[in-house]
Amino acid sequence: MIFFRRQLPLIITFLMGAMFALQYYIPHPVSEGAITAVSNWMQIITGFAMILGIASLFHVHFLKIKRQVPGWGYSLILYLGMIITMIVGFASHGDTTIDGGQTMFGWIYDYTMVPLQATMFSILAFFIASAAYRAFRARSREAAVLLSAAVVVMMGRVPLGQFLLPFTWDITQWLLNVVNSAVRRAILIGVSMGAVALSIKIILGIERSYLGGGKDH
Amino acid sequence: MISIDRRIIFLLIALATLLPLLHPFGLPIKVSPEVQVIYDYIENLPEGSVFLLSFDFDPSSKPELEPQAIALLRHAFRKNLRVIGMTHWLPGTALADSIFSRVAAETGKKPGKDYVFLGWSPGAGSLIISMGQDLYKAFPTDYYKNPTKGMPVLEGVRNLRDVNYLISLAAGSAGIEMWYVFGKDKYRFEMGGGSTGVIAPGLYPFLRSGQINGLIGGLQGAAEYETLIARNGTAIAGMDAQSATHMVIIILVLLCNLFYFILRNEKEGPM
Amino acid sequence: MSGQLPTAMVLGAWVATGLTLLIFSFLYKDNPLFKVGEHLYVGVSVGYSVVLTYYTVFNRLLSVPLSKEIAEKPMAPGSYVLLIPALLGLLMWARFFPKIAWLSRISFAFVVGFGSGVAIPRTISSYILKQIEDTVNPLITLLNGGLSFSMNFAVPQSGINTIILVIGVTSVLFYFFFSIEHTGPANAVARTGIFFLMIAFGAAFGYTVMSRMSLLIGRFDDLIAYSSKDFGYPTIILLGLIIFGLWYWQRHNIDKPEGNS
């Protein structure tokens, strides 16, 4: 039994990892057929995995409503939003438009989901302005460099800034294409090496935290 | 530092956004080389070429990426390219469909014949590999549940190797980098990118190395593309407000530092 | 706009405007109106995700192709191959039942193993080799029969920019290398790396400001569009109602804005 709980998953990880890492270098039809099939299977399995997260959310808010903890009314609103959207969605067979016309499901998407999601992130504009005033001080040389680069880019990327100080456009282009590229490249190389090392550790069974689902791994 | 109630700052930002939208001043838009490259590439594609546009964003990035999508689709349809649309982002599926349908309708293009919207499928990297191996296995039907096999617009297209140009409009992960790593690296199609301002600086290494041939960054990038296709849209309309808000932020930052240095000198002065 | 707008569109405008202003009410203070909008956002998003996942995965990718294959070739083993990912997906759901939760490890092993395996060669090729290749561009080029070193800052591939790029990449990589102490010459290299990092972060901040402001411009665009007579002035009326609601809540202190979600 221990073999099925502990060793079998690690063996599967190793076989899958090694096989599909090598597959990249083997253009044989059998190898290509394998990746065609398995990548298609992954699409299906990912769909099942998405339900895991959703079920967890269902459960958390269901408990809040059941126990009537402070603020349970908001959980009820969440539940109602979820259930109504699902009922309408299944009634519309998942279609947001039909013969060029909008379904009820499409209406809910366009007039509730889109404005809510768009507005939620747009309020960050206000907070970034407030934070810029409160915290963006040139306390040190490094901070002064950061500040100057930020001001130049903010000027250089808008028509008014390009009109008032035309050289900010050229400096912005140079900062982005040379200095910024250098930094991002270095970070990318470093992070990628870490990611490759982690993938190798997972395949070799050294890193096992992804298994979860019980005590013995 | 002289403290200002943050709600006054919020009001300043609100006014700086609202007033130029109501009374635009219309400054010219300068086009950057990275946007010009994408325009030139599409302009030089022969009629009937396969152009795949991946709407890798959701409604939270709509103001930046929708104008880019509309401008690119208008250009692609004007050039009579065969356009394939899809998305990696589930919450953005219906939004992508509405953008696609709207621009197609305005340009008189027919679904199935001139364009197809495949919709969403899970998997991200696995999806791209699946499309690279066999497009019809990855998307057996389009968003409207029509079988993809046998569609006139997909004639001769078996997988990603048959795509002439791909652009990913990305708001984050499951976007441009993923398309390159799991797509272009093996299946060798040409690709460009459009992105939000937040992730644009991180994509410059790919632009410099030629992994993507061009980059449309944020609302400014969308405005540049609208200028190139000579068709004003929401991006150009929004640039005046963008200018005004940037100036407000710059003034706030300069004020913050002015107060900081004055107060610091006052503290150090008597000593 | 001319002509009567469809009722669904007018109703939608009122709902969209109201929800937008509910979220914006957070700018005054965390309040019950914002919380309603926030929870509704999560609920509707999850509902939409469930419906789309069902029709895309369980219907389009699984049951339709599977039933088609079985109908065409019922005796061929290959027709049943999609049962494998279906089984693996179901095993994932074993996580909900503590006694058999360990079965989900088989699915996760399959998925994570595949993901790690495909990522390794592709990551090395795209993120490491290709990036290093572009960093070591030639400094001197052959031009008009003679050697040339370009000092043109405007061209990213010029000689001078390549030198700056190499210095930037190596100094930033060195800055994050903590296995040796950053003293003496090492300190000079690390400090150069910090200088490059600060410029990049400043540029990133500038772009982030641009991005966030664009999002706000988009919302204001919609609010302005919905403030017209055709829709019945929802922006103005609902703005007034929300301001009144906030005043009433503030004055009567009906609900305390403690975090509870």
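**Notebook: chain B, then a look at chains A and C**

I began with helix 1 of chain B, where B:Ile9, B:Leu12, B:Ile13, B:Ala16, B:Thr17, B:Pro20 and B:Leu21 meet B:Asp240, B:Ala241, B:Ala244, B:Thr245, B:Val248 and B:Leu252 of helix 10. Sorted by class, this contact has 10 nonpolar, 2 polar and 1 charged residues. My classes: Ala, Val, Leu, Ile, Met, Phe, Trp, Tyr, Cys and Pro are nonpolar, Asp, Glu, Lys and Arg are charged, and the others, Gly among them, are polar. Contact means that two C-beta atoms, placed from the backbone, lie within 7 Å.

Ground rules: this is a predicted model, so local features need pLDDT of at least 70 and side-chain atom pairs pLDDT 80 or more, while totals for chains, interfaces and linings use all residues. Residues count from 1 along each chain as its sequence is written, with chains lettered from A and ligands numbered from 1 in the order written.

Next I checked how those two helices lie. Helix 1 (residues 6-22) and helix 10 (residues 234-268) of chain B pack at about 155 degrees, axes 7 Å apart. That makes helix 1 of chain B roughly antiparallel to helix 10 of chain B (the cut-off is over 145 degrees). Axes are lines fitted to C-alpha atoms, for helices over the stretch in contact, and angles run from 0 to 180 degrees between N-to-C directions.

Then I looked at chain B as a whole. I found 10 helices and 6 strands; these are DSSP runs numbered from the N terminus, with at least four residues (H or I) for a helix and at least two (E) for a strand. Of the 271 residues in chain B, 58% are buried (20 or more other C-beta atoms within 10 Å of the residue's own, placed from the backbone).

On to the sheet. The 6 strands of chain B form an open, parallel sheet in the order 3-2-1-4-5-6. Strand 3 (115-120) and strand 6 (215-217) of chain B are at the edges with a single partner strand each, so one side of each has no neighbour in the sheet. Strand 1 (residues 50-56) and strand 4 (residues 165-170) of chain B pair in the parallel sense over 6 bridges; pairing takes at least two bridges found by DSSP. There I spotted B:Leu52 opposite B:Leu166 in strand 4 of chain B.

Last, I turned to the other chains. 104 residues of chain C are in contact with 102 residues of chain A. The side of chain C touching chain A has 71 nonpolar, 27 polar and 6 charged residues.

Terms used. A residue is buried if 20 or more other C-beta atoms lie within 10 Å of its own, exposed if 12 or fewer, and partly exposed in between; C-beta atoms are placed from the backbone. Angles under 35 degrees count as roughly parallel, over 145 as roughly antiparallel, 65 to 115 as roughly perpendicular and the rest as oblique.
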